[in-house]
Amino acid sequence: MKRRKFFKLSTASLVGAGLAPSVVSAAGSTSVKTIADRSNDNWTHLGEGRSVTPNRQFSKHYDVAVLGGGAAGICAAVSAARLGSKVVLVQDRPVLGGNASSEMRVHLNGVNRLKTGLAERETGIIEEMLLLNRFDNPQESFPVWDHVLYDFVMREPNIELMLNTQAIEAIMDGDNIKSARCWQLTTEKEFLIHANYFIDCSGDGLLAATAGAKYRTGREGKKEFNETFAPDEPDGWQMGASLLMSSTDMGKPMPYRAPAWAIPFDAENAHKKRKFNAYHEGVWWIEIGSDDDIISDQEINRHKLMGHLHGLWDYIKNSGKFPESENLALTWVGSLPSRRESRRFIGDYIHSERDLTGYKHFDDAVAFGGWGIDEHNPGGMENIHMAPTIFHAHFEEVYQVPFRSLYSVNVPNLLFAGRNISQTHIALASSRIMATCALMGQAVGTAAHLCTQKKVNPRELGKKHINELQEQLMRDDVFIPKRPANDPKDLAKKAAEIVASSTKSGNAKLLTNGWSRDIDGKIHHWQSATLPADVQMEWVDSVKLSTIEIKCDTNVKRNIMMRKDSKNDDRFTNTVPEEMVKSLSVEARIKGRWKTLATNVENQKRLIRFTFDDINTTAIRVRVTETYGKPTVKLFEIRAYA
Ligand SMILES: Cc1cc2nc3c(=O)[nH]c(=O)nc-3n(C[C@H](O)[C@H](O)[C@H](O)COP(=O)(O)OP(=O)(O)OC[C@H]3O[C@@H](n4cnc5c(N)ncnc54)[C@H](O)[C@@H]3O)c2cc1C
């Protein structure tokens, strides 16, 4: 059956089955009955002793609405909420994490390998989540990771989390989104969510699309952005969705029988790069793309992907080519295909290949990436004779993501983060990686808060207040390439002297130079020779302080994300980074006497923030007594605020 004919038929059958809004005609006019219209619902409520109509329609008001609870959405919601905005996070699944959740189990990667062979890890909120997981989920369980993320969001009093809730439609006020109509699957409730700013982090961007935000799908032709890796002519191809699986060695032979709908693996025609490395933890190239409407194709493709998954496992178990698989049995299989690509919304700037490979400097840079340009074979399993991916380019250093690619060109109060941002297909082939998406999320969450505060739209914020946005992000431990922090409110910068009790490498004076990591071959840290170790800051005149912020080492050159195969080597750790500070205190010299202001003996973060009642002082001292393993301590930054 032709694809488009199928779409028409399937819409008709949905309406017939009562799953879509029904159209009611009355004397020449047509009105659409909403899902929450319960006028036909006659509930005999024995407890109340009468017939009632259940109320299932609610309105709620927030400063910022975030749609989609993947890595980007969580970071957007948390950043806006921590700064003081009232936020709702709407997620259509029962768990947070998007493709990294237990429902899909994709590794949450970032810049985990540049050409140097080293990572250049993301810091800020995404790192905080991954560190929390190292403390609370040492067993590296994906279902527990779901709960770690839930806990992470629950810690924010300014966030209301709505799980199992899908944003289905934007309601407009002129060009702006006034509210998001949402449907909660578990309660039959319809919510009208009103907010000043909407951040679409849902990957597919249904809300943004129904708001009329401009978007495109498919591959740009070479000429449009002068992209070397793009096809000669534009076409409709989008990278595919995948189903993953896991198996366990059961200690005895485990026979496997494929279901009747399994699609046999075509080993004869399969490209030699369709490799079976670590197949016991899934084969990522069980993937199907689309040259048309990948969203609409999802259920057809899910069935096919399930068929391919079982066909491939049948090949592994029963072809005789993998005798070592004899004791393996499937212990987890995905049922919800994870997506790589669908809508890409248009912003004031479209990020493209040359920006990445040329390491273009943007005055409005707010995030970075550096995963290689990893373009998958368009047809996936239906193009089995082709290699599953072409790694077009690996990067020497990280590239920048501009703020102008993170808000809509034509819907003024709409921002986005994740794989759906304003970029070409080739740029997405790198930037879709989840920790990169998370950095974009923190950027737009922070931006939406500043927009609320200043009553401006994102475009105006970018034009008039980009410095403030970047400074806030860096204060909150986001690294912006080639852009040192220089926060005028940071009183540490005004200190006359910074001295350390001992120094193994770097210099205590580097702690206020605005760089929060060693980068581009330059050292920006101070490392003690022993522990305990002190750093002391002196001011000529007394300063009023209530906050001290410290950025410690977590080794951003080594990956900390959870993996199905739990790696622990030079590139990956499966424990809390041993460099991280565990125990420290802050003291101040007040009227000639040292007084302890705050102590933390169980630090779990890279950005350590101490707040205390106002003091007037001429000196502070940071005393580190313990790390999670290293015998010395390395710090990158100390800030002081009134
Ligand atoms: C098999 C596979 C392997 C991959 N490998 C890697 C890898 O190794 N490392 C890596 O980092 N990335 C990898 N990627 C890419 C990465 O997973 C995606 O690009 C990334 O998840 C995009 O992040 P996001 O936050 O934009 O969207 P998502 O992670 O998809 O999160 C969006 C969330 O929004 C929800 N949502 C959608 N629509 C709505 C709505 N209307 N209302 C409310 N909620 C909604 C979705 O259910 C989802 O939970 C892989 C992708 C696939 C498919």
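1. Glycine 320 has a positive phi of about 85° in this predicted model. Its position is just after helix H7.

2. Helix H7 itself covers residues 298–318, which is 21 residues. At 1.5 Å a residue the helix should span 30 Å, and the distance between its end C-alpha atoms is 29 Å, so the two values agree.

3. The ligand is surrounded by 30 residues. The closest are Asp92, His107, Asn109, Arg432 and Met434. Sorted by class, the shell holds 14 polar residues, ten nonpolar ones and six charged ones.

4. Which helices and strands each supply at least two residues of this shell? They are helix H2 (71–83), strand E8 (165–173) and helix H10 (434–454). Strand E8 gives the largest share, with three residues.

5. Oxygen atoms of the ligand have polar partners in the protein. An N or O atom in the side chain of aspartate 92 is 2.5 Å from a ligand oxygen; aspartate 92 is also listed among the closest residues. In glutamine 91, a polar side-chain atom lies 2.9 Å from an oxygen atom of the ligand.

6. How much of the ligand's area does the protein bury? Taken alone, the ligand exposes 990 Å², and 92% of that is buried by the protein.

Methods
Residues numbered from 1 in each chain as written. Predicted model: local features only at pLDDT ≥ 70, side-chain atom pairs only at ≥ 80, totals over all residues. Heavy atoms only, no water. Near = heavy atom within 4 Å. Polar contact = N/O pair within 3.5 Å; in protein donor to acceptor, adjacent residues only side chain to side chain. Areas by Shrake-Rupley, 256 points an atom, 1.4 Å probe, with all protein chains shown as cover. Helix = DSSP H or I, 4+ residues; strand = E, 2+ residues; numbered from the N terminus. Nonpolar A, V, L, I, M, F, W, Y, C, P; charged D, E, K, R; others polar. Expected span 1.5 Å × (residues − 1).
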